[in-house]
Amino acid sequence: MRHIVCISITLVALFTVPLVGWTSNKPTIRFKEIGEQAGVGFVPSSRQFTGNKAQVLAMFTDGGCAVAVADYNNDGYDDMFVTDSDTGKRNHLMRNNGDMTFTDVAIESGVSGGNDASSIVADALWFDYNNDGQKDLLVVRFGTSILYRNEGPQDGGQYRFTDVSKEKGLTKFGNTIAAIAFDADRDGYLDLLLGNYFPARNLLDLDTPHVLPNNLDYADNGGGVTFWRNLPGKNGERVFVEATVEAGFAHHTGWSLDLGHADINNDGWQDVYIAGDYGTDRLFFNKGDSTGAFEDVTEAAIGFDTRKGMNVDFGDYNRDGWLDIFVTNITDEYMRECNMLWHNNGDGTLIDLSRETGVCDTDWGWAGKFGDFDNDGWEDLFVVNGLRSAGERNYIPLMLEMIITPGIDFSDINNYPDIGDRTWSGYQKQRLFQNLTDGTFRETGAESGVDNDFDGRGIGMADFNNDGLIDLYQTNARQSALLYEGATENAGNWVEMKLVGTYSNRDAIGTRVILTAADGEEYLREVNCGNAYASQSTTRLHFGIGTATGITSVEIRWPNGQIETFGSTDDLSVVPVNAITCFKEGKGIVDTVNE
């Protein structure tokens, strides 16, 4: 098997000099859209239903255009898996060619299927469930999800995948729309949390019309979540065993739309945030023991809400050493809900500062991701939005008429008006919020080149060409996907780190890194697996460091709780600047993950 080079130096000198032209003014964030020329401008299809309320069901299932990023073939470049949803339509495995173009190898690799007569593909997740160094793929479906084991390169170098869902225990039916993987019990293997939108009924063969939320603000008839522990099976093989009750999630019956994990209270254990559509969001703190159980701290930590939680992502936007949470909501003609930017108070509570920070309104929000797009050391925020762009007539008046009807049964699909060719919260501009370093953001979508008015859904964030600038892949409902190449001039210096676990899970999911630059500034990042709606971004950590010319120390807290520290104040070469460096647990910097 070939070795994987983990240190990738760009044309910038290894230890660099201050950037020419850098001033006290922040650089303007710029992106260039190259989706079509890169070969990734897919137009996904929504599942088509039959019956007199086919359009209503199609509206409620109009996701299915997700993106999952990972370097599945270990060549040092991040690849993408992009989903479709209609019957017989193929998913896409986009192999990165290393020159900002991609080749679809889904059919040859055996992962193009999933949209059959009884299932609808809704999301996807890369994770190494068996710690063999090969990224496996979970295709999330309304129905039963598919777990593909990565078999590695076969004859000719083509990677192949095998469906192992049944033998690994993933056979439970559910209308699953989101998935994250993390090591809940710190045993060194990744567990799964699945977010289920509808209750567990077959939407393609309805036995009742009562399949929609029973309340627009307090619905409790959704699919909730299911938790799956990764445990040893026969002959040392790993299997998944449902432990929803034991983990403390069984009472949650909301309409889960997105999930996120991070160490919110800085105790070394991964916590969980559930974004609930048609009902309150939920926050669970890990109890911190080998049982992998959680405590619902919603009431004390954030309180209960009636908003339409759509997205979960984490970032230390104000650089105080505590991860904050960004949740999108709906802000349109009749639902003025406002997003939530949960500022972490550091005492187990969070407070919503979306209005104060300037990120409240993104119309009908979907995915939102933190990332330092100008490498100035402060995380910015990209948000996609828009529900349905169609004809000139507006669907909202019809919805309002239904909502104000006395005694209306919201769960009955027959009570919803057909949408026809009407637009519902469509033609909305995407938003990019540049971090102003003072605890607020400024919206710069137009000048950054990302203010398209497509109906956005997912965001795949990665440095696809290894040039030190973050790139963005935006999926859209029934419209072409867009690939935005980072093109900011006079951006700051940067550091990227690939982390490999040995005693911890191989993907190093849950690893926290605190990097100290030569100017004394500290930066915090954590490796996650699946945060943000219909999205999975790179597991490689990206740090912008502004004008700093060196790194004096790196503290790595691995998922098993062990801490490794490298460097001192006298050493500016702990980690190469403007380069990608690989750290392996227990070995420090390595040239290849096989060392």
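**Terms and their grounds**

Mentor: Consider the hairpin of β5 and β6: five residues lie between its strands, and G98 among the hairpin's residues takes a positive phi near 85 degrees. Please remember that this is a predicted model.

Trainee: What joins β4 to β5?
Mentor: Strand β4 (residues 79-82) is joined to β5 by three bridges, and the two run antiparallel. Here V82 stands opposite H92 in β5.

Trainee: Why is β5 called mostly covered?
Mentor: A residue is buried when its relative accessible area is under 20%. In β5 (residues 92-96), four of the five residues are buried, and the strand is therefore described as mostly covered.

Trainee: Why is β37 said to be largely enclosed?
Mentor: Strand β37 (residues 579-584) has six of its six residues buried, so the rest of the structure largely encloses it.

Trainee: What makes both faces of β37 count as covered?
Mentor: In a regular strand, side chains alternate between the two faces of the sheet. On one side of β37 are A579, T581 and F583, on the other I580, C582 and K584, and all of these are buried.

Trainee: Which strands pair with β37, and in which sense, parallel or antiparallel?
Mentor: Strand β30 (residues 493-500) pairs with β37 in the parallel sense over five bridges, and M497 stands opposite T581 there. Strand β38 (residues 588-590) pairs with β37 in the antiparallel sense over three bridges, with F583 opposite I589. The hairpin of β37 and β38 has three residues between the strands, and G586 takes a positive phi near 85 degrees.

Trainee: Why do β23 and β26 stand at the edges?
Mentor: The open sheet has four strands in the order β23-β24-β25-β26, with antiparallel pairing. β23 (365-371) and β26 (441-443) each have a single partner strand, so one side of each has no neighbour in the sheet. Inside the sheet, three bridges join β24 (residues 380-385) to β25 (residues 431-435), and R431 is the bridge partner of V383.

Trainee: How do you know that the buried residues of α7 line one face?
Mentor: In helix α7 (residues 396-403), I396, M399 and M402 are buried. Seen down the axis of α7, the buried residues fall within an arc of 120 degrees, so they line one face of the helix.

Trainee: Which residues have the most contacts inside the largest nonpolar core?
Mentor: That core has 106 residues, and those with the most contacts inside it are F127, L138, M497 and L499. Among the residues that F127 touches, leaving aside those up to four places away in sequence, are L138, L147, F240 and C529. A second, separate core of 18 residues includes Y273, F314, I325 and W342.

Trainee: How confident is the predictor overall, and where is the pLDDT under 50?
Mentor: The protein averages a pLDDT of 93, and 95% of the residues score at least 70. Over residues 1-5, however, the pLDDT stays under 50, and over residues 7-23 it is below 50. Where pLDDT is low, the predicted coordinates should not be read in detail.

Definitions and conventions
Residues numbered from 1 in each chain as written. Predicted model: local features only at pLDDT ≥ 70, side-chain atom pairs only at ≥ 80, totals over all residues. Heavy atoms only, no water. pLDDT = per-residue confidence, 0-100. Contact = heavy atoms within 4.5 Å. Buried < 20%, exposed > 50% of the residue type's maximum accessible area, 1.4 Å probe, protein only. Arc of directions from axis to C-beta. Pairing = 2+ DSSP bridges. Core = buried A, V, L, I, M, F, W, Y, C linked by side-chain atoms within 4.5 Å.
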